[in-house]
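Here's a friendly walk through one protein model. Keep the picture open while you read, and look things up as they are named.

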Amino acid sequence: MDCVFCKIANGEIPSTKVYEDDKITAFNDLNPQAPVHILIIPKDHISCINDINSENSDVIAHIFEKIPQIAKYAGLENGYRIISNCGKDAGQTVFHLHFHLLGGKILGEGLV
Ligand code: AMP
Ligand code: ZN
């Protein structure tokens, strides 16, 4: 499968990793939309939120358990936003589940 985030997870494509363990990887977005813009992904391929199920949902809990640690490491003591685009209408461009961690400025009230 030709998936850029699978390749990042297994080291085939370079990335600026900020956190990694046996289940997940977090790395800087190539085209940051905020001073801090980190992508957090499961290492195993899941296409988007629609494909989360009882067999793979433990990794989602793991991601959310680690988000405070990753945010703290990135200096986001004053807050942050998590976004996950699912499908065409949301503008998803990489079909490997990822959570955008955004912060480092006041993000305002647009979306959302
Ligand atoms: P989305 O639109 O939610 O699918 O977001 C995909 C994100 O992946 C975008 O913000 C891209 O800038 C980012 N992206 C794509 N390729 C790479 C890459 N090789 N390394 C880091 N970020 C990437
Ligand atoms: Zn993948």
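## Salt bridges

First, a term you'll need: a salt bridge is a side-chain nitrogen of Lys or Arg within 4 Å of a carboxyl oxygen of Asp or Glu. Asp2 and Lys7 make one, with their closest N and O atoms 2.6 Å apart. To say how open a residue is, we use relative accessible area: buried means under 20%, exposed means over 50%, and partly exposed is in between (1.4 Å probe, protein chains only). Asp2 has 68% relative accessibility, so Asp2 counts as exposed. Lys7, with a relative accessible area of 22%, is partly exposed.

The structure has 4 salt bridges. Another one joins Glu20 to Lys17, where the closest N and O atoms are 3.5 Å apart. Glu20 is partly exposed because its relative accessibility is 41%, and Lys17 is partly exposed with 32%. These two also belong to a network of salt bridges that links Lys17, Glu20 and Lys43. Then there's the salt bridge between the side chains of Lys88 and Asp89, at 3.8 Å from N to O. Both Lys88 and Asp89 are exposed.

## Where the model comes from

This is a predicted model, in which local features need pLDDT of at least 70 and side-chain atom pairs count only at pLDDT 80 or more, while totals for chains, interfaces and linings use all residues. Residues are numbered from 1 along each chain as its sequence is written, chains are lettered from A and ligands numbered from 1 in the order in which they are written, and side-chain values use heavy atoms, with hydrogens and water left out.

## The overall fold

What is the chain built from? The protein chain has 2 helices and 5 strands. Starting at the N terminus, the order is α-β-β-β-α-β-β. Helices (H or I, at least four residues) and strands (E, at least two) are DSSP runs, numbered from the N terminus.

Along its principal axes, the C-alpha trace spans about 35 × 30 × 25 Å. The radius of gyration is taken over C-alpha atoms, and the globule rule is 2.2 Å times the number of residues to the power 0.38. For 112 residues, a compact globule would come out near 13 Å, and the protein chain agrees with that at 14 Å. Buried residues account for 40% of the 112 residues.

## Aromatic pairs

A pair of aromatic rings is described by the distance of the centres and the angle of the planes. Rings of Phe, Tyr and Trp (its six-membered ring) pair if their centres lie within 6.5 Å; planes under 30 degrees apart count as stacked, over 60 as edge-to-face and the rest as tilted. Searching the whole structure turns up 2 aromatic pairs. In one of them, Phe5 and Phe27 sit edge-to-face, 5.4 Å centre to centre with 80 degrees between the planes. This pair links distant parts of the chain: Phe5 is in helix α1 (residues 4-9) and Phe27 in strand β2 (residues 24-28), 22 residues apart. Both Phe5 and Phe27 are buried.

Now for Phe64 and Phe99: their ring centres are 5.2 Å apart and their planes are at 80 degrees, so this pair is edge-to-face. Phe64 lies in helix α2 (residues 58-73) and Phe99 in strand β5 (residues 99-103), so the pair ties together parts that are 35 residues apart in sequence. Is Phe99 buried or exposed? At 5% relative accessibility, Phe99 counts as buried. Phe64, at 41%, counts as partly exposed.

## Gln92 in its loop

Find Gln92 in the loop between β4 (81-83) and β5. Gln92 counts as buried because its relative accessibility is 7%.

A polar contact is a pair of N or O atoms within 3.5 Å; within protein, one must be able to donate a hydrogen and the other to accept it, and residues adjacent in sequence count only if both atoms are side-chain atoms. The side chain of Gln92 reaches the backbone oxygen of Ser47 at 3.0 Å. A polar atom of the Gln92 side chain is also 2.8 Å from the backbone nitrogen of Gly87.
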